Protein chains: 2
Amino acid sequence: MTQTALALTELKSLLNEVCDLNNANAVLGWDQSTYMPSGGGATRGRQMATLEKIAHEKLTAPRTGELLENLKSYEQELPYDHDDAALLRLARRYYEQATKVPSEFLAAFSEHSSNTYLAWVKARPANDFKSVQPLLKKTLDMSRQLAEYYGYDEHIADPLINLADYGMKASTIRALFAELRSELVPLVKTITEQPLADDSCLLQHYPEAQQFAFSTPIIKRFGYDFERGRQDKTAHPFMTKFANGDVRITTRVKEHDFSEAFFSTTHETGHALYEQGINPAFDGTFLDNGTSSGVHESQSRTWENLVSRSRAFWSYYYPSLQQQFPAQLNQVSLDTFYRAINKVQRSLIRTDADEVTYNLHVMIRFELELQMLEGKLAVKDLPEAWNAAYQNDLGITPPNDSNGCMQDVHWYGGRIGGVFQSYTIGNILSAQFFESALKAYPDINNEIAQGQFSTLHHWLKTNIYQYGSKFTANKMIERATGRGLDIAPYMQYLRTKYGELYTL
Amino acid sequence: MTQTALALTELKSLLNEVCDLNNANAVLGWDQSTYMPSGGGATRGRQMATLEKIAHEKLTAPRTGELLENLKSYEQELPYDHDDAALLRLARRYYEQATKVPSEFLAAFSEHSSNTYLAWVKARPANDFKSVQPLLKKTLDMSRQLAEYYGYDEHIADPLINLADYGMKASTIRALFAELRSELVPLVKTITEQPLADDSCLLQHYPEAQQFAFSTPIIKRFGYDFERGRQDKTAHPFMTKFANGDVRITTRVKEHDFSEAFFSTTHETGHALYEQGINPAFDGTFLDNGTSSGVHESQSRTWENLVSRSRAFWSYYYPSLQQQFPAQLNQVSLDTFYRAINKVQRSLIRTDADEVTYNLHVMIRFELELQMLEGKLAVKDLPEAWNAAYQNDLGITPPNDSNGCMQDVHWYGGRIGGVFQSYTIGNILSAQFFESALKAYPDINNEIAQGQFSTLHHWLKTNIYQYGSKFTANKMIERATGRGLDIAPYMQYLRTKYGELYTL
């Protein structure tokens with residue numbers, strides 16, 4: 001073998017170990033959330049920290065840097081699309097990210113986050129923002145410090161946004177969100193001036209086993225492969241991946257709210273279809289993951305909202321649902337059911353929000369994050385700023401901080417900066433990708449109305465899924481849709497769908 | 001801190017990482033056997049190999065050797081019973097074992113074993129010993145080579161026996177087994193000349209859920225803590241441990257054979273009680289495991305046989321069993337049931353053998369292993385030697401190699417040497433420990449007849465379980481029973497129990 005081939009083999013083997021450690025850690029995390037007895041908890045945390053530490057040590061070892069240096073000219077000679085080129089780009093990015101931050105700082109930040117999380121768990125139900133305020137202040141300071149370690153050209157939030165949505169910038173997202181906000185605020189106002197949809201049909205008793213009997217064949221039809229995955233119950237639903245051939249989803253069932261399990265199942269299935277659709281040759285490499293949080297969220301939202309909350313979908317599946325739950329639904333028309341699952345209302349809690357208001361919740365958080373990082377908003381003034389933003393954008397003021405600025409775990413269990421934008425980027429992208437899929441295959445909606453999803457799945461797999469992390473989000477959006485992130489398809493989707501449901 | 005304290009802290013932290021990696025690997029193994037979808041199989045093998053490799057690298061790192069060297073004088077000053085002394089002894093033993101064998105040899109042996117296993121999986125049902133013979137020959141050569149790497153004073157099998165039953169020697173075990181054999185062969189002959197017990201009552205339909213409804217409260221009464229463990233179904237039952245607070249068992253259920261799930265559940269519970277009973281301060285250290293395979297097997301056999309196959313046990317539980325399965329058992333007397341679960345017969349398959357004949361199966365294998373390692377038996381002559389031994393000891397000749405020398409996975413999936421003796425050592429020890437427990441608490445059998453197991457559990461925990469690997473098997477047997485391994489209690493147990501069932 002040549003020196004280059006030898007170096008490449010050694011680097012791949014080293015990175016493969018890092019991936020194996022990360023995937024093993026994911027198994028431990030999955031077990032912790034599904035089957036682990038309570039007695040296993042204390043030790044499991046330490047075991048997961050050990051695997052993470054060893055993976056970090058391997059990635060940041062001087063040898064990794066040497067090999068990357070030795071492979072620089074090889075990388076430059078490769079065509080951009082070559083798998084090795086993509087792998088080396090990604091390895092270089094992760095290596096540089098990981099080596100920029102002193103490991104003592106990371107450990108201290110991680111410990112601080114754990115402590116803040118524990119304080120928040122107590123403070124939230126007690127509506128006691130004061131008690132977490134100093135901790136959150138420190139989180140802000142450490143988040144700023146983290147950004148400084150990474151370095152940035154434009155905005156201090158950019159390197160933090162990079163961690164989830166590589167290549168996106170505060171300035172671009174801010175402009176995009178301002179545009180979206182200017183369209184959404186009046187739309188929400190118009191809709192919420194009209195009578196509230198009646199969703200009482202969803203709040204009847206739906207036995208768990210029958211819920212699964214209904215949803216399982218549907219996610220199989222979407223393309224979720226149970227030979228390469230499985231579904232279990234957890235307190236908080238998630239998708240996790242251990243290998244190209246082992247992509248699992250979890251679900252929380254509420255027997256008195258049909259929406260809960262069904263839409264979280266189709267949501268997590270969207271994440272899983274992305275991961276199951278990645279080129280199997282990428283197994284055990286950095287390429288074997290979705291390329292960014294925003295693109296990932298676009299897929300969960302596609303299957304949850306654009307598919308599973310569409311009239312086309314229910315025109316096909318509602319009779320089956322009635323058959324599964326005759327006592328609950330035989331007297332409920334498709335129209336009533338469809339309005340119920342798409343009920344729009346001004347509400348306080350992001351995770352309970354509908355498609356139309358959801359992004360307002362996200363954008364409020366994104367803007368507050370930026371202002372805190374910029375030093376324009378002090379942590380002590382967060383509750384006031386939060387409430388003012390809710391009054392301004394959603395027309396309601398939280399009665400307390402528990403249902404206000406303390407409702408989400410993100411800031412209290414991690415950092416401030418780059419932790420919310422992916423949700424809205426995902427919503428925007430879901431419509432942008434879907435529009436391109438429709439351009440290529442105009443029959444997709446008719447197929448959905450026949451319970452057929454293979455054409456949509458095929459387009460998504462061909463244009464997005466198969467590439468894993470081979471291309472950055474920006475590059476892939478450009479390749480798949482011919483342009484950058486664009487809110488027009490998403491606004492058109494909302495206006496069409498909700499124009500039919502409400503007088504707009 | 002002093003130099004010694006610093007070195008000790010560093011060593012403990014290093015060994016803790018090795019334990020965390022091994023325990024993480026056990027989680028991956030458990031998942032592989034219980035819930036992993038088929039698509040995960042290929043990658044899982046590699047992930048587990050990676051964790052094993054990294055654990056091996058950490059254990060054999062030069063730094064480990066330096067620290068052990070630096071701590072030598074500290075270790076020598078400590079009292080033998082000190083936890084640090086035990087940890088350092090064990091760390092030194094594992095380090096020396098692991099560094100004696102070149103890692104290339106281990107990798108080659110591991111690859112050869114995988115290939116041999118795959119060949120055996122095909123060859124066994126085809127009754128094709130010829131096809132695996134050259135592979136098994138290589139296994140023998142590599143097993144001998146492995147023993148040479150470890151080194152030995154007396155017998156080439158000694159270092160291989162050490163891997164499972166540290167401190168036991170081929171010569172001692174051989175002598176003990178010869179003595180046991182000389183007593184068992186005539187006992188089996190006497191029993192099997194009498195009419196076979198009728199076990200048809202066990203071979204009725206026992207629905208799975210009801211089997212668990214019966215067995216779960218029993219293993220809780222034994223002392224198995226479900227807050228620190230759980231039970232799942234697998235193709236082959238096993239016990240596995242991820243932490244002091246997370247010790248799991250698995251079970252295989254046959255709905256047309258009551259014995260299968262019930263006795264494998266009480267067997268694995270025995271293993272689990274040992275692990276759950278270890279001093280929680282040993283969590284995450286080398287001390288947090290049973291001390292040897294033989295001692296471990298003594299505990300599975302205690303709870304499976306001495307407890308769960310005893311007349312005392314069933315005099316209490318048989319009415320509950322009849323209540324759980326009235327159609328199956330209301331017409332079956334306790335006496336008939338008791339004879340059925342203790343049916344003795346000459347049979348070909350070790351894993352199906354009863355308490356009396358079981359050890360003959362094991363001792364045949366142990367002796368053949370020794371002869372192969374000594375160069376006195378060639379692999380090509382194994383089938384003939386196997387069949388002759390069965391004819392001699394059990395009075396039957398296997399009709400083919402599938403049910404003869406190809407029945408067990410041990411040689412075909414691993415090495416030759418030290419892989420069978422633990423089963424019989426466990427049987428012998430179970431009676432020896434039980435005798436000592438009875439001496440301390442003569443009421444134990446009466447308590448079992450009342451469905452009470454806490455005194456027995458207490459004695460075992462106090463004298464065996466709590467110590468984990470702190471003492472070697474030999475040391476612990478001596479401490480708990482006042483003497484070395486001794487077949488007398490076991491033979492007395494068999495003669496008493498089967499003397500009541502048969503005319504002896």
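User: In this predicted model, which residue of β3(A) does Thr240(A) stand opposite?

Analyst: Strand β2 of chain A covers residues 239–243, and strand β3 of chain A covers residues 246–251. The two strands run antiparallel and are joined by 4 bridges. Across this pairing, the residue that Thr240(A) stands opposite is Arg248(A).

User: Through how many residues does the hairpin join β2(A) to β3(A)?

Analyst: β2(A) and β3(A) run antiparallel. A hairpin links these strands, and the number of residues through which it does so is 2.

User: What relation holds between chain B and chain A?

Analyst: Chain B is superposed on chain A by a rotation of 179° with 0.0 Å of shift along its axis, at an RMSD of 0.1 Å.

User: Which element gives the most to the side of chain B that touches chain A?

Analyst: In chain B, 33 residues are in contact with 33 residues of chain A. The elements of chain B that give two or more residues to this side are α1 (3–34), α2 (41–59) and β2 (239–243). The most, 8 residues, comes from α2(B).

User: Why do the copies meet through the same surface?

Analyst: The answer lies in the interface residues of chain B. The copies meet through the same surface because the share of these residues that are also interface residues in chain A is 100%.

Note on methods. Residues are numbered from 1 along each chain as its sequence is written. Chains are lettered from A and ligands numbered from 1 in the order in which they are written. This is a predicted model: local features need pLDDT of at least 70, side-chain atom pairs count only at pLDDT 80 or more; totals for chains, interfaces and linings use all residues. A residue is buried if 20 or more other C-beta atoms lie within 10 Å of its own, exposed if 12 or fewer, and partly exposed in between; C-beta atoms are placed from the backbone. Two strands pair if DSSP finds at least two bridges between them. Copies are superposed by least squares on the C-alpha atoms of residues with pLDDT of at least 70 in both. Two residues are in contact if their C-beta atoms, placed from the backbone, lie within 7 Å.
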